[in-house]
Amino acid sequence: MASVVDPDEDLVRRVGQGDPAAIQALVARKLPRMLALAQRMLGDAVEAEDVAQEALLRAWKQAPRWTPGKAKFDTWLHRVGLNLCYDRLRRRREVPTEISLDRPDEGPAPDRGILAAQLGAQVDRALAALPHRQREAIVLCHYQELTNIEAAGLMSVSVEALESLLSRGRRTLRQALAHLAPGAEPAAEGGRG
């Protein structure tokens, strides 16, 4: 089997040797994606920060023992992040239904920021309502921008199974968000549940 080309190989080697600059570079390079992954999977910013920090701590601890060529370090790190997310989801008794609208207003006009936050919250709720495997496939391919092959490998499924999960997830999201389409009837206050 051919060796996997890993753009993080030198960085991970340096982290394993205790190079402080490499550790900072690893955190700067990987933290935003780990935060985004955990936020999309968990729907909770505080839990997402905890998961991202734990994933990076495990990366730092694993770095001295990392064997280059077997898999990409980024793929391994995503798997760690997903496993940490699933651990937290298993501990929850209820499915998350409320997403905080306390997001900073980055738009030029206040009403745009409010509308964008409301739209984002609706998308986040629809995403959170998906079955776990469909949500994982959507998050990995659309938000984490992994290829279907990379995402299928992370999920330990065939590319065909991944594409099926993506298709079902997209269909469910389209149905859940159909009221947002131009010309659609506005949803009643409070939504459908």
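Arg 168 is partly exposed, at 34% relative accessible area. The model discussed here is predicted.

**Arg 168 in helix α8**
- Helix α8, which spans residues 159–176, contains Arg 168.
- The relative accessible area of 34% falls between the 20% and 50% cut-offs, and Arg 168 is therefore classed as partly exposed rather than buried or exposed.
- Leu 130 stands 38 residues from Arg 168 along the chain, and 9.4 Å separates the C-alpha atoms of the two residues.

**Gln 134 in helix α6**
- Gln 134 belongs to helix α6, which comprises residues 132–143.
- Its relative accessible area of 9% is under 20%, so Gln 134 counts as buried.
- Leaving aside residues up to four places away in sequence, Gln 134 is in contact with Leu 165, Arg 168, Gly 169 and Thr 172.
- For Gly 169, a polar atom of the Gln 134 side chain lies 3.5 Å from the backbone nitrogen of Gly 169.

**Cysteines and disulfides**
- Cys 85 has a relative accessibility of 0% and is therefore buried.
- Cys 141 is likewise buried, with a relative accessible area of 12%.
- A disulfide covalently joins the sulfur atoms of two cysteines.
- With a cut-off of 2.5 Å between cysteine sulfur atoms, the count of disulfides in this model is 0.

Technical notes: Residues are numbered from 1 along each chain as its sequence is written. This is a predicted model: local features need pLDDT of at least 70, side-chain atom pairs count only at pLDDT 80 or more; totals for chains, interfaces and linings use all residues. Side-chain values use heavy atoms; hydrogens and water are left out. Helices (H or I, at least four residues) and strands (E, at least two) are DSSP runs, numbered from the N terminus. Buried means under 20% relative accessible area, exposed over 50%, partly exposed in between (1.4 Å probe, protein chains only). A polar contact is a pair of N or O atoms within 3.5 Å; within protein, one must be able to donate a hydrogen and the other to accept it, and residues adjacent in sequence count only if both atoms are side-chain atoms. Contact means heavy atoms within 4.5 Å.
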